[in-house]
Amino acid sequence: MKRTAAFFLALVTAAALTGCGGSGSTGNDGGAPAAQSSAAGDAAPANNGSTAQQPAVITDGSKCGVLQKAAEQDALTLKGLILTSGSGHHDYPAIDELMKDGWKTDGLYSTYYLNEWIEVYADCGQEVSLYVVKNQPDTDYAAMTEADLIKISEAEAYPNAAAGLKPDAENNGLLTSFYVHQEMGEGLYNMCFVSGGKICYLVQLTLEPEPAE
């Protein structure tokens, strides 16, 4: 009888110890998600409140025709643009018609042909430099300096760069017009607005071969 009682007592003790071990294991497993949740909570403001983990401007072609502001660049205020063709290769409205809808920060005409003129109209009260350069993947354009853009332009077959530009108030705010030379080549291009030696705004364009007649 005593042996039976002792045996049952041993079983109960073993069960109790197993229960405690399980409880401790659950506590450890439960702690890990809590730590992960805390880490995620710490990371969330960085994603929502800053651009530390993503480039200041998106240059993968997904935002063509969108006026993007480079983070923390306040040297220039560019309220809006109007882009159109000066060659008639595209059926884009003339500037007088486009002005009726006002300045835009997205939905800008962004597809042009080689051998075409592009007209740039801007709502900007300051002088600005403009560089149109072929997109270089995995490059942080917001961190680029004007000196970097000059080097890129000089290396291109047909550079498009101009400094000291100011909108012509008597001509609907015309900033400049530039020629998309055949030698530029098709592909994704960045129109960079520069002031204070750094890129302040950027618009991506797509250049395509001129269709055969």
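The legends below describe close-up views of one predicted model. Residues are numbered from 1 along each chain as its sequence is written, and side-chain values use heavy atoms, with hydrogens and water left out. In this predicted model, local features need pLDDT of at least 70 and side-chain atom pairs count only at pLDDT 80 or more, while totals for chains, interfaces and linings use all residues.

**View 1. The protein chain has three helices and nine strands.**
Helices (H or I, at least four residues) and strands (E, at least two) are DSSP runs, numbered from the N terminus. Along the sequence these elements follow the pattern α-β-β-α-β-β-β-α-β-β-β-β. Of the 213 residues in the protein chain, 33% are buried; buried means under 20% relative accessible area, exposed over 50%, and partly exposed in between, with a 1.4 Å probe and protein chains only. The accessible surface of the protein chain is about 12000 Å², and carbon and sulfur atoms hold 52% of that surface. Accessible areas come from the Shrake-Rupley method with a 1.4 Å probe; for residues, only the protein chains shown count as cover. Among contacts in the protein chain (heavy atoms within 4.5 Å) between residues at least 6 apart in sequence, 71% join residues at least 24 apart.

**View 2. Three strands form an open sheet in the order S2-S4-S7, with antiparallel pairing.**
Strand S2 (80-85) and strand S7 (174-180) are the edge strands, each pairing on one side only. Neighbouring strands of this sheet are turned by 20° against each other on average, direction ignored; axes are lines fitted to C-alpha atoms, for helices over the stretch in contact, and angles run from 0 to 180 degrees between N-to-C directions. Two strands pair if DSSP finds at least two bridges between them. S2 and S4 are joined by six bridges in the antiparallel sense, and Ser85 stands opposite Ile118 in S4. Six bridges also join strand S4 (residues 116-123) to S7, again antiparallel. Glu116 has Val180 in S7 as its bridge partner, and Tyr121 has Leu174 in S7.

**View 3. Strand S5 pairs with S6 and with S8.**
Six of the seven residues of S5 are buried, so this strand is largely enclosed by the rest of the structure. The bridge partner of Lys134 in S8 is Tyr189.

**View 4. Asn115 and Asp138 have positive phi values although neither is a glycine.**
Asn115 is found in the loop between strand S3 (111-113) and S4, with phi near 65°. Asn115 is partly exposed, with a relative accessible area of 22%. Asp138 is placed in the loop between strand S5 (128-134) and helix H3 (146-155), and its phi is about 60°. Asp138 counts as exposed, at 84% relative accessibility.

**View 5. Tyr179 pairs with the rings of Trp117 and Tyr158.**
A search of the whole structure finds four aromatic pairs. Rings of Phe, Tyr and Trp (its six-membered ring) pair if their centres lie within 6.5 Å; planes under 30 degrees apart count as stacked, over 60 as edge-to-face and the rest as tilted. The rings of Trp117 and Tyr179 have centres 5.4 Å apart and planes at 40°, so this pair is tilted. Trp117 lies in strand S4 and Tyr179 in strand S7, so the pair ties together parts that are 62 residues apart in sequence. Trp117 is partly exposed, with a relative accessible area of 41%, and Tyr179 is partly exposed at 22%. For Tyr158 and Tyr179 the ring centres are 6.4 Å apart and the planes are at 80°, so this pair is edge-to-face. The pair links distant parts of the chain, 21 residues apart, with Tyr158 in the loop between H3 and S6 and Tyr179 in strand S7. Tyr158 is partly exposed, at 28% relative accessibility.

**View 6. Tyr92, Tyr109 and Tyr112 form one aromatic cluster.**

**View 7. Cys64 is partly exposed, whereas Cys192 is buried.**
The relative accessible area is 23% for Cys64 and 0% for Cys192. A search of the whole structure finds zero disulfides, a disulfide being a pair of cysteine sulfur atoms within 2.5 Å.
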